[in-house]
Amino acid sequence: MATARDIIAPSRNTGTVSYSLSVSPTTTFHSPPSHSFMARDIPHRVVPKQLKPFNTEDIKILLLENVNQTGRDVLTAQGYQVEFLKTSLPEDQLIEKIRDVHVIGIRSKTKLTEKVLREAKNLLVIGCFCIGTNQVDLSYAAKHGIAVFNSPFANSRSVAELVIAEIITLARQLGDRSNEMHRGVWNKVSAKCWEIRGKTLGIVGYGHIGSQLSVLAEAMGMSVIYYDILTLMAMGSAKQVPNLDALLQEADFVSLHVPETLETTNMISTKQFEKMKTGSYLINASRGTVVDIPALIEASRSGKIAGAALDVYPNEPAANGNYFNSQLNQWGADLTSLSNIILTPHIGGSTEEAQRAIGVEVSDALVRYINQGTTLGSVNLPEVNMRSITLDEPNHARVIYIHRNVPGVLRKVNEILAEHNVDKQISDSKGDIAYLMADISNVKAEDIKKIHDSLDSLPSRIVTRVLY
């Protein structure tokens with residue numbers, strides 16, 4: 001455990017990294033206009049104080065699966081120790097690595113199961129540099145005070161554009177014609193090749209991706225219907241239908257954009273294919289378990305559907321290479337033998353723009369959590385935020401107490417903090433987990449260990465952090 005230290009004010013050159021991103025669904029990155037106010041226009045500038053945990057000498061971060069450079073730059077600019085690997089790790093190597101780190105950043109291939117997380121004795125936070133978090137045992141992480149952050153919106157446009165590309169590719173049989181040309185076969189045909197103008201697109205799941213897809217499809221002349229378990233406002237002229245069967249019966253193209261849950265597992269199977277129009281198309285860029293693949297193979301062979309495009313699969317390889325086969329999924333050979341099915345390796349969000357935006361969004365969330373304890377955007381802990389401690393508050397400390405949500409905790413915590421002035425305090429709960437944050441003033445360096453150890457001794461304690 002490191003000795004408590006007085007904080008040194010940061011220099012004016014903070015080493016801030018600036019990025020120019022072409023498009024981000026959530027944030028516009030730009031410089032202020034030249035006519036905006038200058039520093040001389042305000043008498044005093046409030047500068048956040050750089051907090052640090054009193055009992056951690058260095059923050060160690062492990063980034064796996066080729067996290068984008070923008071994210072790495074954000075984290076290294078904070079002075080953290082960042083180890084970067086381009087691939088995921090086998091479970092035994094992952095367990096060995098995770099024992100010493102405070103932060104781990106992953107994408108979709110790394111599985112942070114209870115077995116792995118049990119070994120992560122120092123882990124504070126997990127960053128999922130992607131949309132999904134189903135690769136993390138969220139319940140175990142929450143019960144052990146490990147926050148999890150993701151990027152739910154930043155790759156929405158990239159996925160929507162891929163789906164549009166697949167709709168056109170399927171309608172025009174571009175995959176077939178390209179493969180034939182590569183074999184030297186000239187096959188100029190128009191039979192069963194269609195314009196997408198005037199066709200009906202059925203979107204299952206009208207969230208951030210589904211609604212963006214809706215706008216793009218309408219702009220290209222398609223009629224859009226959608227089904228969602230919630231009643232949602234339509235974009236443009238799209239219309240919500242009351243149930244999945246109604247959508248399947250009307251749509252020429254069906255595109256799936258739902259999370260992986262018990263309710264969505266095999267939500268498109270034999271019965272659903274029977275309800276689809278003969279000669280229609282299916283696109284899945286959501287989760288691999290949503291479509292019953294053997295049923296899809298049968299519907300494709302029988303001619304019930306004219307084609308399909310899959311970007312996700314029930315079991316996906318952990319690394320690039322010749323791994324997509326029948327050993328991974330028992331129907332692998334049958335699926336790859338079908339020429340009317342487009343297969344892509346989970347690349348819906350794999351664009352430079354999306355990965356840059358994800359890198360910044362998740363890394364910023366990690367920095368806010370490490371440095372300030374802010375949980376806004378966490379998928380498994382209560383969302384708590386407070387105004388930053390500033391350089392004008394030199395003898396202040398921020399106390400973070402993650403605890404079991406049981407009666408009497410606040411009274412005991414406030415008894416411990418009673419010797420100091422509590423400037424501000426906030427607490428929130430999510431199920432059995434509660435998150436308390438308090439800023440105290442007139443605290444001396446020698447008081448910090450006493451506060452930390454006193455909170456740590458409470459029976460309700462999950463994690464105690466003191467930032468100063």
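Predicted model: local features only at pLDDT ≥ 70, side-chain atom pairs only at ≥ 80, totals over all residues.
Which hand does the crossing of α1 and α12 have? The crossing of these two helices, α1 and α12, is right-handed.

The axes of α1 and α12 cross at roughly 25 degrees and come within 7 Å. Angles under 35 degrees count as roughly parallel, and α1 is therefore roughly parallel to α12. On the α1 side, the contact is made by Thr70, Gly71, Val74 and Leu75. On the α12 side, the residues are Gln355, Arg356, Gly359, Val360, Ser363, Asp364, Leu366 and Val367. Sorted by class, the contact of α1 with α12 consists of five nonpolar, five polar and two charged residues.

Helix α1 can also be described by what is hidden from the surface. Its buried residues are Thr70, Gly71, Arg72, Val74 and Leu75. The elements covering them include β1, β2 (81-84) and α12. An α-helix has 3.6 residues a turn, so residues three or four places apart point the same way.

The loop between β1 and α1 contains Glu65 and Asn66. Most residues other than glycine have a negative phi. Glu65 has a positive phi, near 65 degrees, and Asn66 also has a positive phi, near 60 degrees. Asn66 is partly exposed, with a relative accessible area of 37%. Leaving out residues up to four places away in sequence, Asn66 touches Arg72, Phe84, Leu85, Lys86, Thr87 and Arg107. Asn66 and Ile106 are 40 residues apart in sequence, while their C-alpha atoms are 8.6 Å apart in space.

The next topic is the interior. In soluble globular proteins, nonpolar side chains tend to be buried together. The largest nonpolar core here has 36 residues. Within this core, Val125, Leu366, Tyr369, Leu381, Ile402 and Tyr435 touch the most other members. Which elements each supply at least two residues of this core? They are β1 (60-63), α1 (69-76), β5 (147-149), α12 (352-372), β13 (397-404), β15 (433-441) and β16 (461-467). Helix α12 gives the most, with eight residues. Not counting residues up to four places away in sequence, Leu366 touches Leu75, Val103, Val125, Ile126, Gly127, Phe129 and Phe149.

Just after α10 comes Gly303, which takes a positive phi of about 85 degrees.

Another pair of helices is α5 (residues 156-172) and α7 (residues 208-219), whose axes are 8 Å apart and pack at an angle of about 50 degrees. Helices α5 and α7 are therefore oblique to each other. The crossing of α5 and α7 is right-handed. From α5, the residues that meet α7 are Ser156, Arg157, Val159, Ala160, Glu161, Val163 and Ile164. Their partners in α7 are His208, Ile209, Gln212, Leu213, Leu216 and Ala217. In this contact of α5 with α7, eight residues are nonpolar, three polar and two charged.

Thr200 lies in strand β6 (residues 200-204). With a relative accessible area of 12%, Thr200 is buried. Apart from neighbours within four places in sequence, Thr200 is in contact with Met222, Ser223, Ile225, Glu250, Ala251, Asp252 and Phe253.

Some totals complete the account. How many helices and strands does the protein have? There are 14 helices and 16 strands. Of the 468 residues in the protein, 48% are buried. Among contacts between residues at least 6 apart in sequence, 66% join residues at least 24 apart.

Conventions
Residues numbered from 1 in each chain as written. Heavy atoms only, no water. Axes fitted to C-alpha atoms, helices over the stretch in contact; angles between N-to-C directions. Helix = DSSP H or I, 4+ residues; strand = E, 2+ residues; numbered from the N terminus. Parallel < 35°, antiparallel > 145°, perpendicular 65-115°, else oblique. Left-handed = near helix turned anticlockwise from the far one by under 90°. Contact = heavy atoms within 4.5 Å. Nonpolar A, V, L, I, M, F, W, Y, C, P; charged D, E, K, R; others polar. Core = buried A, V, L, I, M, F, W, Y, C linked by side-chain atoms within 4.5 Å. Buried < 20%, exposed > 50% of the residue type's maximum accessible area, 1.4 Å probe, protein only.
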